[in-house]
Amino acid sequence: MYGYRIFHEDILENLISNARSEKTQQAYIFEGAQGVGSYEASQLFAHALVCGMRQSAPCRNCPPCLMALSGTHPDIKTIDYEPKKKNISVDQIRNLITDAYVKPFENQKKVYILNHGDDITPQAQNALLKILEEPPQYVVFIIHAENVNSLLPTIRSRCCYIKFSPVSDELIKKQLLLEHPQLSQSIDFIVRYAGGVYGNAEKLIEKEDFLSIREKSFEKLEDLLSSNLLTAYDITDFIDENKDDADLILSFWSDFIRDALLVQNDATELIQNLDFKDRIMGFSLKYSEEKFIKALEELLTAQKMRKKHVSLKTLVLRLAFSIKNKEKHQ
């Protein structure tokens with residue numbers, strides 16, 4: 001859409017229509033998971049706002065559009081974390097306010113995109129509130145937040161709220177195959193891992209050791225499901241060596257076991273990891289359906305525990321021993 005990868009075209013069509021008719025609000029909150037596409041949406045919307053050809057904005061040809069596309073437009077400002085900090089400080093907001101009272105250089109609008117709105121400090125939010133109450137007529141603010149409730153109610157009440165929901169697996173798969181056709185054999189896992197957020201898929205693809213970790217994860221399935229209790233410590237060591245990828249490994253294991261269950265139930269055509277098909281078929285013969293189902297249940301529990309910040313070592317030992325002990329008591 002206008003040269004951007006946009007998944008929420010209905011939202012953008014409405015925003016661009018408002019920009020063309022000069023009926024935009026002065027402050028917006030774009031709520032959505034990081035990587036869901038709201039940042040690209042704010043860029044496209046900002047470009048439409050500063051375009052010199054109002055009726056066809058964003059035209060992508062006028063000088064303001066060309067500057068916007070190159071990231072050099074003086075009237076589009078992005079506010080993000082300060083170096084080595086994990087929040088947007090009151091000093092950053094005060095600098096923004098000072099700059100906001102300087103009229104646009106190129107056109108009728110000046111746009112401020114605030115990333116990580118969840119991490120604007122309370123003091124900084126209170127400072128921002130002052131300009132949101134009486135903003136200069138030419139200014140448009142776009143605040144990105146994963147959770148709108150992280151923002152003060154007084155800020156929320158002064159902004160137009162737009163929700164960017166996770167997109168369908170079908171859309172993500174279509175875009176992935178367009179941009180990364182070489183991944184067709186593992187595309188279904190990547191799509192499911194993305195969980196409706198294209199940015200998650202991109203992060204996974206950009207991991208240099210993605211294929212290596214996936215291979216090692218499959219090799220460790222034997223240790224995970226074997227009745228030998230001592231292999232629980234091998235599993236713990238493996239996760240500890242790859243702790244930054246612990247969530248990814250748990251997802252790999254769940255997917256491989258799910259595919260093994262499909263093979264056992266004569267649904268081989270539905271397996272997701274096609275490049276592991278022969279190996280999964282062999283693996284499916286080693287354990288009972290009941291064992292695979294129990295392992296999946298324990299993996300789901302482990303993934304829930306991860307979200308509660310349980311110690312990784314404790315979590316993995318519990319996972320491995322639970323799977324092994326279940327077999328022992330059968």
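Predicted model: local features only at pLDDT ≥ 70, side-chain atom pairs only at ≥ 80, totals over all residues.

User: Which residues does Glu222 touch, once residues up to four places away in sequence are not counted?

Analyst: Glu222 touches Phe283, Lys286 and Tyr287. For Lys286, which is 64 residues apart from Glu222 along the chain, the separation of the two C-alpha atoms is 9.3 Å.

User: Where is Ser284 placed, and is Ser284 buried or exposed?

Analyst: Ser284 sits in the loop between helix H14 (277-283) and helix H15 (289-307). Its relative accessible area is 5%, and since anything under 20% counts as buried, Ser284 is buried.

User: What lies 2.6 Å from a polar atom of the side chain of Ser284, and which residues is Ser284 in contact with, leaving aside its neighbours within four places in sequence?

Analyst: At that distance of 2.6 Å from the Ser284 side-chain polar atom is the backbone oxygen of Met281. With the sequence neighbours set aside, the contacts of Ser284 are Ala260, Val263, Gln264 and Phe292.

User: How should I read a pair of packed helices?

Analyst: The general idea is that two packed helices are described by the angle between their axes and by the distance between those axes. In this structure, helix H1 (residues 9-20) packs with helix H2 (residues 38-50) at an angle of about 20 degrees, the axes being 9 Å apart. Because angles under 35 degrees count as roughly parallel, H1 is roughly parallel to H2, and their crossing is right-handed. On the H1 side the contact is made by Leu12, Leu15, Ile16 and Ala19, and on the H2 side by Ala41, Leu44, Phe45, Ala48 and Leu49. By class, these residues divide into 9 nonpolar, no polar and no charged.

User: At what angle do the axes of H12 and H13 cross, and which residues of H12 and H13 meet?

Analyst: The axes of helix H12 (residues 231-241) and helix H13 (residues 246-264) cross at roughly 130 degrees and come within 9 Å, which makes H12 oblique to H13. H12 passes H13 in a right-handed crossing. From H12, Ile235, Phe238 and Ile239 meet Ala246, Ile249 and Trp253 of H13, and this contact has 6 nonpolar, no polar and no charged residues.

Terms used
Residues numbered from 1 in each chain as written. Heavy atoms only, no water. Axes fitted to C-alpha atoms, helices over the stretch in contact; angles between N-to-C directions. Helix = DSSP H or I, 4+ residues; strand = E, 2+ residues; numbered from the N terminus. Parallel < 35°, antiparallel > 145°, perpendicular 65-115°, else oblique. Left-handed = near helix turned anticlockwise from the far one by under 90°. Contact = heavy atoms within 4.5 Å. Nonpolar A, V, L, I, M, F, W, Y, C, P; charged D, E, K, R; others polar. Buried < 20%, exposed > 50% of the residue type's maximum accessible area, 1.4 Å probe, protein only. Polar contact = N/O pair within 3.5 Å; in protein donor to acceptor, adjacent residues only side chain to side chain.
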